[in-house]
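Could you look over this model with me before we talk? I have put my comments as numbered points.

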Amino acid sequence: MEKAEFIRTVCENPVNRAILERLPDLKAPDAWLVSGALFQTCWNVKTGRPVAYGIKDYDIFYFGGADLSWEAEDEVIRRAKALFADLDAEIEVKNQARVHLWYEERFGLPYAPLKSACEGIDRFLALACKVGLKPDEEGGFELYAPDGLADIAQMLIRPNVTANFGAREYERKAARWKAAWPELTVVPPA
């Protein structure tokens with residue numbers, strides 16, 4: 001799958017398209033639409049399902065390192081709620097600069113502080129999940145996909161064991177995805 005095809009496919013989902021169009025208005029630094037909303041839209045188009053089928057939520061990562069308080073993150077979350085209020089979708093906004101403050105308590109694994117939103121994308125449990133898209137300054141899109149787009153195109157789920165990998169959480173997510181998209185090939189964790 002080429003970048004242009006990926007972007008065209010992702011934008012077939014009107015929620016993705018609206019989020020990407022409005023993302024600069026969120027006024028959150030280093031903001032990206034990430035992961036499931038992107039790769040699951042591709043799966044849906046490939047399998048002939050409705051474009052939003054099975055998408056639990058639409059995740060936006062940003063990196064606001066100047067203020068690590070919950071109040072600062074909550075302000076961005078409230079702006080997103082207002083900005084996307086007309087969309088019939090669950091939108092989750094997370095400041096990647098703060099993840100290390102709560103991750104270990106929630107998932108039982110240590111989490112080193114990040115330096116960018118893309119470093120947060122790098123920590124997703126499966127290689128196909130490691131994808132982000134944001135508008136660029138030329139009217140196009142910047143794509144972040146450090147492992148490429150082949151796993152998305154092939155509907156392949158492989159573990160990302162490089163950082164903070166939790167086999168139980170991977171298996172839980174993979175089982176949910178396999179139930180919704182039986183065409184998937186899931187590689188079990190080693």
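The notes below go from the overall fold to charges and then to a few loop residues.

1. Ground rules. This is a predicted model, where local features need pLDDT of at least 70, side-chain atom pairs count only at pLDDT 80 or more, and totals for chains, interfaces and linings use all residues. Residues are numbered from 1 along each chain as its sequence is written, and side-chain values use heavy atoms, with hydrogens and water left out.

2. Overall fold. The protein chain carries 8 helices and 7 strands; these are DSSP runs numbered from the N terminus, with helices being H or I of at least four residues and strands E of at least two. Its radius of gyration is 16 Å, which agrees with the value near 16 Å for a compact globule of 190 residues. That radius is taken over C-alpha atoms, and the globule rule is 2.2 Å times the number of residues to the power 0.38. Along the principal axes, the C-alpha atoms fill a box of roughly 40 × 40 × 30 Å.

3. Burial. Of the 190 residues in the protein chain, 48% are buried. Here buried means under 20% relative accessible area, exposed over 50%, and partly exposed in between (1.4 Å probe, protein chains only).

4. Salt bridges. Side chains of opposite charge can pair when their charged atoms come close. The count is 10 salt bridges, each being a side-chain nitrogen of Lys or Arg within 4 Å of a carboxyl oxygen of Asp or Glu.

5. A bridge between distant parts of the chain. E183 and R49 meet through their side chains at 3.0 Å, N to O. The two are 134 residues apart: E183 sits in the loop between α8 (167-180) and β7 (185-186), and R49 in the loop between α3 (36-47) and β2 (58-62). Both ends are partly exposed, E183 with a relative accessible area of 38% and R49 at 21%.

6. Two further bridges. In helix α8, E169 and R172 are 3 residues apart, about one turn of the helix, and their closest N and O atoms are 2.5 Å apart. E169 is partly exposed at 22%, as is R172 at 45%. E92 also forms a salt bridge with K94, at 3.6 Å between the closest N and O atoms. E92 is partly exposed at 24%, and K94 is partly exposed with a relative accessible area of 24%.

7. Which residues gather in a patch of positive charge on the surface? They are K56, R106, K173 and R176. For patches, residues need over 30% relative accessible area and no salt bridge; like charges are joined within 9 Å, and nonpolar side chains (Val, Leu, Ile, Met, Phe, Trp, Tyr) within 5 Å. R176 belongs to helix α8 and is partly exposed at 33% relative accessibility.

8. Positive phi values. K27 has phi near 55 degrees, a positive value in a residue other than glycine. K27 lies in the loop between α2 and β1 and is exposed at 63% relative accessibility. S35, also a residue other than glycine, has a positive phi near 60 degrees. S35 is in the loop between β1 and α3, but is buried, with a relative accessible area of 5%.

9. A buried loop leucine. L23 is placed in the loop between α2 (14-22) and β1 (32-34), and counts as buried at 4% relative accessibility. From L23 to A128 is 23 Å in space, C-alpha to C-alpha, with the two 105 residues apart in sequence.

Methods: Accessible areas come from the Shrake-Rupley method with a 1.4 Å probe; for residues, only the protein chains shown count as cover. Lys and Arg count as positive and Asp and Glu as negative; His and the chain ends are not counted. The place of a charge is taken as NZ of Lys, CZ of Arg, CG of Asp or CD of Glu.
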